[in-house]
Amino acid sequence: DHSITAEFTPDDTAKYNDATSNTLNVKVANLTPTQVGLQVTPDKDVTYGDALTLEANTSPAGVAGEVEFMDNGASLGKVAVSSGQAALATDTLTTGGHELTAEFTPDDTQTYGGSTSLAITVTVDKATPKVTLTTDKTTVEYDGSLTLDASITPNNAAGNVQFKLDGNNLGDPVAVSAGKADKYSTVNSQMGFNAGNTYNLTAEFTPDDPTSYNSATSNTKTLA
């Protein structure tokens, strides 16, 4: 129990006396504690762009409220508790270390106290895109045309593709657009081709965001 009063002290003590208010008795009830546990799937071998599911389990059972999922102290979002559970999916974690927690706030804060889960640390590594090279033909005559297509997965990985002929650059890099980079070439000596020879073609992807993506090299296509 607590007794609360207010005491007045005047600036002009020649005219006014000190005064004390009535007493207000306040009883602070003990809040029923709650608990919240956190699971993260997956929590290992995570690369940039992977989807993670954060699942919180609260107790006592039946206590209504919401869970706020936190990433290094910043909110990932709030989810209402249903049957003692709340879940959030995210694929926005940046590369590096992340300390993930769940904070439970009951609706009835006069009866129940809030709680915070133990932290789960997840490390997000850079993603290595898959580069798939295709050509419109595998055999071409001298001075004939050749189209090279590079497909990048995931298709939102921005960057450019350098097509290569036996390890040498085949023209200038080509910007990736919607996961695609295309190049049209004329098969002649100016492009490094000579009649009667066999060549290996590859495509090398360089990301615009090297903090999130690694460089990657495609499969090899043989041209005769």
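This is a predicted model: local features need pLDDT of at least 70, side-chain atom pairs count only at pLDDT 80 or more; totals for chains, interfaces and linings use all residues.
Buried, in what follows, means under 20% relative accessible area and exposed means over 50%, with partly exposed in between, all taken with a 1.4 Å probe and protein chains only. By that scale Val26 is partly exposed, with a relative accessible area of 30%, and this residue is found in strand E4, residues 24-26, where strands (E, at least two residues) are DSSP runs numbered from the N terminus.

Residues are numbered from 1 along each chain as its sequence is written, and side-chain values use heavy atoms, with hydrogens and water left out.

Thr101, found in strand E11, residues 96-106, counts as buried at 13% relative accessibility. What does Thr101 touch, if we leave aside residues up to four places away in sequence? With contact taken as heavy atoms within 4.5 Å, its partners are Leu38, Glu68, Phe69, Met70, Thr116, Ser117, Leu118 and Ala119.

Thr135, which lies in strand E14, residues 130-135, is also buried, with a relative accessible area of 19%. A polar atom of the Thr135 side chain lies 2.9 Å from the backbone oxygen of Lys137.

Lys137 brings us to the charged pairs. A search of the whole structure finds 4 salt bridges, a salt bridge being a side-chain nitrogen of Lys or Arg within 4 Å of a carboxyl oxygen of Asp or Glu. In one of them Lys137 is paired with Asp136, and the closest N and O atoms are 3.2 Å apart; Lys137 is partly exposed at 26%, and Asp136 counts as partly exposed at 44%. Another joins Asp43 to Lys44, with the closest N and O atoms 3.9 Å apart, and here Asp43 is partly exposed at 35%, whereas Lys44 is exposed at 60%. Lys15 forms a further salt bridge with Asp12, where the closest N and O atoms are 4.0 Å apart.

Lastly, is Asp45 buried or exposed? Asp45 is exposed because its relative accessible area is 73%, and this residue lies in the loop between strand E5 (35-41) and strand E6 (46-47). The C-alpha atoms of Asp45 and Ile152 are separated by 21 Å, with the two residues 107 apart along the chain.

Notes: Helices (H or I, at least four residues) and strands (E, at least two) are DSSP runs, numbered from the N terminus. A polar contact is a pair of N or O atoms within 3.5 Å; within protein, one must be able to donate a hydrogen and the other to accept it, and residues adjacent in sequence count only if both atoms are side-chain atoms.
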